[in-house]
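Colleague: Could you take me through the aromatic side chains of this model in close detail, please? After that, I would welcome a tour of whatever else you find worth a look.

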Amino acid sequence: MTKIALTGIKPTGIPHLGNYLGAIKPALELSQTCQARYFIADYHALNSCKDPAAIRQMTLEVAAAWLAAGLDPEKVLIYKQSLVPQTFELLTMLLAFTPKGLMNRAHAYKAMLQSNADSGKDPDDGVNMGLFTYPVLMAADIFIFDTDYVPVGKDQFQHVEMAVDIAQSFNYNYGKECFRIPEPLAQPSAQTLPGLDGRKMSKSYDNTIPLFLPEKQLRKLIMRIITNSQGMEEPKDPDNCTIFSIYQNFANPQQIADLRQRYLAGGMGWGHAKQELFEDEQRLSSHARPL
Ligand code: ADP
Ligand code: TRP
């Protein structure tokens, strides 16, 4: 039987290279062999963005990014999460099968607690219940379409594993397979792509390189990538460098080996490395690569 693949992206900003690498590209590859359902997670966005106009605009941006990256709407179902209201009915049922302790362990929630603790705030400052139960809504998204595979970046892996736990506990309770057990899929080489400041590239951190930027803006952003203060002549470590981390995910093997060599040899300034990255990303931005 044809397997079902499903994934979502929140409309909280313009999709970026991290979204492309972690979700869009693997999802489009899977759509060649699976029945694919890809959606824009507007209710997930509501946890952090309360402005309807912004969510509407970003929903269009995310849809445009999927299409520009090669999604064929004749073959792939692309939809907005809020247009499947049964998802929210299912969410309510799933909440009754989700131990609070499971949600306490979610990395994203724990990171917020930690950041509140670091800045001396109340542990739950800024945490709404939508954010706390975020993985349960993901589980509802996944189960409603009998999903087999969920292509996501590494940061979302744990949420899909939680969906597995919830499905198992539901199935166990009723003694039958009410929900299909989903499998999170990350690229074997999957890593979290760093952003301009070296942290995870994320719409939440304002450190992204958006997809399909005009040449000038793309160049300006790439030139903003933070590097250390090593001078031009010094040999540089490609494995501890944001520029190289991004480059190696998009350039071809020969280009990657060449740039690695130039790092190690010395005599190459950060400006040169950024220029190499710019030229490579320009190729990706200026013409999407339909599969
Ligand atoms: P963001 O963190 O920018 O808000 P989303 O949470 O909407 O992005 O993520 C959509 C998809 O893109 C998810 O599958 C997520 O794992 C993936 N993704 C997001 N950022 C990155 C990154 N920096 N590297 C790899 N994959 C990423
Ligand atoms: N939470 C995911 C993210 O921020 C988006 C998402 C919502 C999702 N529901 C999903 C991804 C279901 C996979 C499956 O990236």
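Modeller: Let's begin with Phe179, which counts as buried because its relative accessibility is 9%; buried means under 20% relative accessible area, exposed over 50%, and partly exposed in between (1.4 Å probe, protein chains only). Please keep in mind that this is a predicted model, where local features need pLDDT of at least 70 and side-chain atom pairs count only at pLDDT 80 or more, while totals for chains, interfaces and linings use all residues. Residues are numbered from 1 along each chain as its sequence is written, chains are lettered from A and ligands numbered from 1 in the order in which they are written, and side-chain values use heavy atoms, with hydrogens and water left out.

Searching the whole structure gives 13 aromatic pairs. One of them joins Phe170 and Tyr174, a tilted pair with 5.1 Å from centre to centre and 50 degrees between the planes. Here, rings of Phe, Tyr and Trp (its six-membered ring) pair if their centres lie within 6.5 Å; planes under 30 degrees apart count as stacked, over 60 as edge-to-face and the rest as tilted. Both Phe170 and Tyr174 belong to helix 9 (residues 157–174), where four residues, about one turn of the helix, separate them. Helices (H or I, at least four residues) and strands (E, at least two) are DSSP runs, numbered from the N terminus. Tyr174 is partly exposed at 46% relative accessibility, whereas Phe170 is buried at 8%. Phe170 also pairs with Phe179: the ring centres are 4.5 Å apart and the planes meet at 50 degrees, so this pair is tilted. Ring pairs join these residues into a cluster made up of Phe97, Phe143, Phe170, Tyr174 and Phe179.

Setting aside neighbours within four places in sequence, Phe88 touches Tyr43, Gln81, Ser82 and Leu137, a contact being heavy atoms within 4.5 Å. Tyr43 is 45 residues away from Phe88 in sequence, yet their C-alpha atoms are 9.5 Å apart in space.

The charged end of Arg219 is placed over the ring of Phe278, 5.6 Å from its centre, and that of Lys236 is over the ring of Trp270 at 5.5 Å. The criterion is NZ of Lys or CZ of Arg within 6 Å of the ring centre and within 35 degrees of the ring normal.

Now to the ligand. Around ligand 2 there are 14 residues, the closest being Lys10, Tyr134, Met138, Asp141 and Gln156; a residue is near if one of its heavy atoms lies within 4 Å.

Finally, some backbone notes. Asp146 is not a glycine, yet has a positive phi of about 50 degrees; Asp146 lies in the loop between helix 8 (134–143) and strand 4 (149–151) and is partly exposed at 36%. Asp206 also has a positive phi, near 55 degrees, and belongs to the loop between strand 5 (183–185) and helix 10 (215–223). With a relative accessible area of 66%, Asp206 is exposed.
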